[in-house]
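Open the model in your viewer and keep the selection panel at hand.

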Amino acid sequence: VHVVGAGLAGLSAALCLAERGVAVSLHEAAGHAGGRCRSFHDTTLDRVIDNGNHLVLTGNDAVARYLTRAGAAAGLRAAEEAAFPMADLAAGARFTLRLNRGPVPWWVLMPGRRVPGTAVADYLGGWRLAAAGPGATVAEAVRDRGPLWRAFWEPLTLAVLNTTPERGQARLLWRVLQRTFLRGAGPSRPMFAPEGLGEALVAPVLARLKTRGVETSFHDALKGLTVRDGRAAALSLASGPVTLGAEDRVILALPPSRLAPLLEPHFGKMQMPQDDGAILNAHFVVRDPACLAHCAPLTGGLGSLAHWVFVRGDVVSVTVSAADALGIMATPRQELAARLWSEVQGILSLGDACYSAARILVEKRATFDQSPEGVAKRLKPTTSLTNVFLAGDATDTGLPATIEGAVLSGETAARHAA
């Protein structure tokens, strides 16, 4: 099986196949694996940082299987409790959402565990997500616009769907809630990568693949397919042409923008979601790391451009979801850094603490269009070519564009190819 694309979907597919004893060739256009989930040494910061901040929860079963196959289950460390501290800069308030153990959500009965200013009845409105049709957005399904909307539904939608509640599909958000918050604290605890996502999710998989005889060919972009008699007969790779035998298979673990040029010459214009949802991440090296000693590894921001703040060592990383929808893509980087750091000082109670270096990264194609219209265009893992299969979080996994969705898509494609 030729797996094209060494992001998490491609790595997941290759790992599943190699564990079954299938011969695998892994091809990657870039010079590194991991795709949108990778770590690298940044010369501006002189630190190893993640390209983007990604949150994994203990209920992400596909990620757990992926790490187990790689022999790297300890690469992610779970928080002791399902607690999500929030700082509301506009209101000057702080609170922590704390889920209880077990599937019965007793935490909504306890004022100290839920969003301030909310009543138990406010949370019942979330059940409308379960009944929402495929064309409904989060904003259409959840009608309340009180404190719970501002402090829970809106930030949750931005984080999970990388778009606003007015655009995000209600069903996608509901499926995430089913797998996590609605099952209690057990599957809802955040998991962190002490050494970065690359060391946790990419390096051990490449190592395990190598022990299985799978070498990754980097700088080896797929330029085109030769199609004959309803199947792919050859691959045109940067490293040279590959003729496919009768039993050979191909998994294209690529985003829609890279799939279209490969498939449309053979099938004409195809319906697939756009993958231009942007996420902005800012990374700061703190001049005096001691000021971070009291900080949680993850804190949410309300009334701020900074949505989530991650702390690891002396590096503070900020995530701004739906950066394209918020209209900040053209803002000068220096201006963004100053604004975000000012918000970080308030969110983390850092006073006048300073940073010694800053770096802003924008992933312009972080996620596919997760509106009802975009979700309707998601591709299936099988194609009309008998030996070509698709993987990637934009395929129809039933989940949003998350690490869990990417890994699950790789498992599914591998099952079909095998």
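Start by selecting Ser236, which stands opposite Pro241 in β13. Strands here are DSSP runs of E with at least two residues, helices are runs of H or I with at least four, and both are numbered from the N terminus. The model is predicted, so local features need pLDDT of at least 70 and side-chain atom pairs count only at pLDDT 80 or more, while totals for chains, interfaces and linings use all residues. Residues are numbered from 1 along each chain as its sequence is written, and side-chain values use heavy atoms, with hydrogens and water left out.

**Stop 1**

Two strands pair if DSSP finds at least two bridges between them.

Now select β12 (residues 231-237) with β11. Six bridges hold this antiparallel pair. Leu225 stands opposite Leu235 in β12. Val227 stands opposite Ala232 in β12. β12 and β13 form a hairpin with two residues between them.

Is β12 mostly covered or mostly open? It is mostly covered: six of its seven residues are buried. Buried means under 20% relative accessible area, exposed over 50%, and partly exposed in between (1.4 Å probe, protein chains only).

**Stop 1: two turns with positive phi**

Select Asp229. This residue is in the loop between β11 and β12. The two strands form a hairpin with two residues between them. Phi of Asp229 is near 55°, a positive value in a residue other than glycine. Its relative accessibility is 75%, so Asp229 counts as exposed.

Next select Asp46, in the loop between β3 (39-42) and β4 (47-50). Asp46 also has a positive phi, of about 55°, although it is not a glycine.

**Stop 2: the five-stranded sheet**

Select β10, β2, β1, β14 and β20. They make an open sheet of five strands in the order β10-β2-β1-β14-β20, with parallel pairing. The edge strands are β10 (216-217) and β20 (388-391), and each pairs on one side only. Strand β1 (residues 2-4) and strand β14 (residues 250-253) run parallel and are joined by three bridges. Pick Val4: its bridge partner in β14 is Leu252.

**Stop 3: the rings**

Show the aromatic side chains. Rings of Phe, Tyr and Trp (its six-membered ring) pair if their centres lie within 6.5 Å; planes under 30 degrees apart count as stacked, over 60 as edge-to-face and the rest as tilted. How many aromatic pairs are there by this rule? The count comes to eight.

Select Trp341 and Tyr355. This pair is edge-to-face, 5.3 Å centre to centre, with 75° between the planes. Trp341 lies in helix α10 (residues 333-347) and Tyr355 in strand β19 (residues 355-367), so the pair ties together parts that are 14 residues apart in sequence. Trp341 is buried at 5% relative accessibility, whereas Tyr355 is partly exposed at 27%.

Move to Phe84, Phe152, Trp153 and Phe181, which ring pairs link into a cluster. Then select Arg145 and Trp149. Arg145 lies over the face of Trp149, at 3.7 Å from the ring centre. A charge sits over a ring if NZ of Lys or CZ of Arg is within 6 Å of the ring centre and within 35 degrees of the ring normal.

**Last stop: zoom out**

Show the whole protein. It has twelve helices and 20 strands. Along its principal axes the C-alpha trace spans about 65 × 50 × 40 Å. Of the 418 residues, 56% are buried.
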